[in-house]
Amino acid sequence: MAESRTATEVTANDPAGGGAVRRAGSGRRIAYARLRDLALIPAIIVIAIVGQLVSPVFLRGDNLINVLQTMSEIAILVLAQTLVLIVKKMDLSLESTVGLAPGVAAWLTVPVGTGHGLGLLPGGWSVPIALAVGVLVGVVNALFIIRFGLNGFIVTLGMLIVLRGILTGISGGQTFFRLPASMLYLGTEQWLGMPASVWLCLLLFAVGIVVLGFTSFGRSLYAIGGNVDAAKAAGIRTDRVLWIVIVTASVLAALSGLLLSGRLASVASAQGNGYIFTVFAAAVIGGISLNGGKGTMFGAFTGILLLFMIQNVLTLAGVPAQWIGALNGAIILIALALSRVTGGKVQD
Amino acid sequence: MVVGPPVAEATGVTKRFGSTVALREAAISIGQGQTHALVGRNGAGKSTLVSILTGLQAPDEGAVSFGGEPAPRLADRDAWRQRVACVYQKSTIIPELTVAENLFLNRHEHGRNGLISWRTVRRKARELLDTWSVDVDVRVPAGELDVEQRQFVEIARALSFGARFIILDEPTAQLDGAAISRLFTRIKDLQQQGVTLLFISHHLQEIYEICDTVTVFRDARHILTSPVGELPRAELVAAMTGEAAAEAGGARRGPPAEAANVLELTGASLRGAYDDVSFRVRAGEIVGLAGAASSGRIEIAETVVGLRAATDGTVEVAGPQLRPGSVPAALKAGVGFVPQDRHQQGYVAQMSIADNGTLTIPDQLGRAGFIDGRRRDEFARSMIGKLAIKTPGPELPVSGLSGGNQQKVVMARALANDPKVLVLINPTAGIDVRSKEFLLGKVEEIAESGAGVLIASDELDDLRLCDRVLVVFQGRVVAEIPRGWHDHQLVASMEGVDLDG
Ligand SMILES: Nc1ncnc2c1ncn2[C@@H]1O[C@H](COP(=O)(O)OP(=O)(O)OP(=O)(O)O)[C@@H](O)[C@H]1O
Ligand SMILES: [Mg+2]
């Protein structure tokens, strides 16, 4: 007897059943598959209308730019996590890297006397150092996960705690101030009237969409996430691709950390704390499967955009700050349910 | 005839999986232009050799060479791909990706800007499938194809690399007669072009049809290699099994005349699949449902077990009408089931044989939802013994079994709840000759003990033991043939040719 879970799935997916029907219905199904990428667009439009009704400020250019800027750092994390999820891995440690990478850079470059700075290196080194920390964290993750074949969830959960601890250790639990100018640049500079971080975020997503959709490397991510053995049989160097993905994700997290500390002009020892929940939520809302091999970069972008638009609307509506946390959680759950309805497919 | 070094050669190859020795100092040498058959019972080590010959696994000992040169490093996948293309026994289709992308995975067509040109990929995929007359939309996810279409995607892909050496590991196990002859026409073309083939199948007549040399493996060892013409069937089977072949015999008595109906379909219809199907199966009766893969016979069988719901008509199992489309209801009514696609619906690969075999009977293994591990393993052990499943023990995950032995686990599960009605779709796909006799013998035993059996298959061997065969053609039951038919009569009927008319 067929195992009942699979069995019900078959029934559910194919209520009308029948191979002959399949052919006839396929045209509609394809259109549908394409639309799934755009599944959140109606929701985004609805939120935009609601937002405009709540406050006429909402659709003003500077407010929208504000939304984009506040989401840019976390959006880059979503991008990173999307890559990792598509190859059927997970990286929880991204949120700690967001704090640790700029933290180490600040630690080494902030002059002695202000907080826990060592002042060992000139300020110009801060950005390379932060990115190098990202590479290092990624390499350690990849070693554990790929080389030693450990479970990615547990490894990165461990890394999450260790990295957070290191940041607390080097900062003495305090916040780094008086960051070198090069660290502030990306978080504060305006390019053509838009914050550099927004440009950077949009650019990265554009690159992500192209790479995932239109390059052999990008497609190999889906193949690996869908069926590693099949990917190997097709001649894909699966380990190498996995290495690249895991290290890239960490570097992106470091970059995200740089943007964040640049914008805030400081590195708090809790920087990035609790981000990972939002990151996963945005990815799943955007149609990325936690079981690998499914979802697009564009979908992930709409996921995080939707979340931040809702938050913005709530703020404009004057919801007291103390309640934002609880509402955030609730919103994520509601958005998940919404995307299930509009996306039409069971999330996994 | 053979000139130059062999296209592929493996010598002294040993491969162990834990305590199991899958290959013991095995060797094979495949000469230029040969169509070389590799046969052996389930678990003999054939697929393991394939994975070593295609560079997916390294042998523990021994060496592989191509055209006299040592094989490339395992990491150098490209080099392997230039030397050998393969249709693996285990599906290498990625269900989430489109058919087109599966066909051109990792060799996408790139446009002038260096990016993948999806339009070209789709067009080429379309062309490729057209040459195989596979009528599917290349833009749908491959997971939506049926088993046979998926198999063709695999075959079409392997044969489209232009490799001079191609391995086919049981390509025909999931294909019906018409599809197999399409494949063979293509294989004959390739033979003419001098392509070398290694062909694995449990259908021995196929070996005699298209192969020129045959190698037999038994219990992880190389037993013999010989020209096909010099090895009659009986000797071939003897070499595979290590004992003189005993022809299965013994006529069945058939059900007693007063036996009650255990399964009754009345005017059942499912739009696009089958139409106005009525038949009954009595206790102790074995009924065949013959027809091509797309005839609708599979959908009919799936309706009986609750995987599909008929749009019209009724399905009654041992009395009251079943709740349509409900597997638990069917289970409870006493239906045992071997699904068509074992990889997808048959078992949970990472779970042990014991867990898989007892998946449908948790209530027999303990009280109040708890499962008594000892009782489960005991049950599994008796199952392994009864069906001769080749495994070191019941705790091995099913993914570690050979293909044919996986099929036996699925069979075991179908038998676990002492079914009143047993529904089997292609029950012997991928099962070796001897185990096939054995398994079908088991089916007869079950019928003897009072169950009704419905076999939806196009394998003549499966259908031979049926008391009567219903032929399904384009969704309708077009003929009922009592036991004692001739092969050509049934084949013609399945293809919709009326010999008498
Ligand atoms: N990954 C694995 N882990 C454990 N045992 C394995 C694994 N792969 C294969 N085996 C064992 O190796 C033996 C040979 O298996 P193999 O798949 O090569 O058989 P086969 O000749 O292809 O059989 P079939 O005709 O059923 O496909 C079997 O006993 C099988 O249980
Ligand atoms: Mg095999």
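Begin by selecting ligand 1 together with Ser47(B), where an N or O atom in the side chain of Ser47(B) is 2.7 Å from an oxygen atom of the ligand, a polar contact in the sense of a pair of N or O atoms within 3.5 Å. This is a predicted model, in which local features need pLDDT of at least 70 and side-chain atom pairs count only at pLDDT 80 or more, while totals for chains, interfaces and linings use all residues. Residues are numbered from 1 along each chain as its sequence is written, chains are lettered from A and ligands numbered from 1 in the order in which they are written, and side-chain values use heavy atoms, with hydrogens and water left out.

Now widen the selection to the shell of 19 residues around ligand 1, the closest being Lys46(B), Ser47(B), Thr48(B), Ser402(B) and Gly404(B); a residue belongs if one of its heavy atoms lies within 4 Å. Colouring by class shows four nonpolar, twelve polar and three charged residues, with Gly counted as polar.

Finally, colour chain B by its domain assignment: domain 1 (8-93 + 145-241), domain 2 (248-334 + 418-501) and domain 3 (349-416). Ligand 1 lies between domain 1 and domain 3 of chain B, because both give residues to its shell. Between these two domains, six residues of domain 1 are in contact with seven of domain 3, contact meaning heavy atoms within 4.5 Å, and their C-alpha centres lie 29 Å apart.

Conventions:
A polar contact is a pair of N or O atoms within 3.5 Å; within protein, one must be able to donate a hydrogen and the other to accept it, and residues adjacent in sequence count only if both atoms are side-chain atoms. Domain bounds come from an automatic or database domain assignment.
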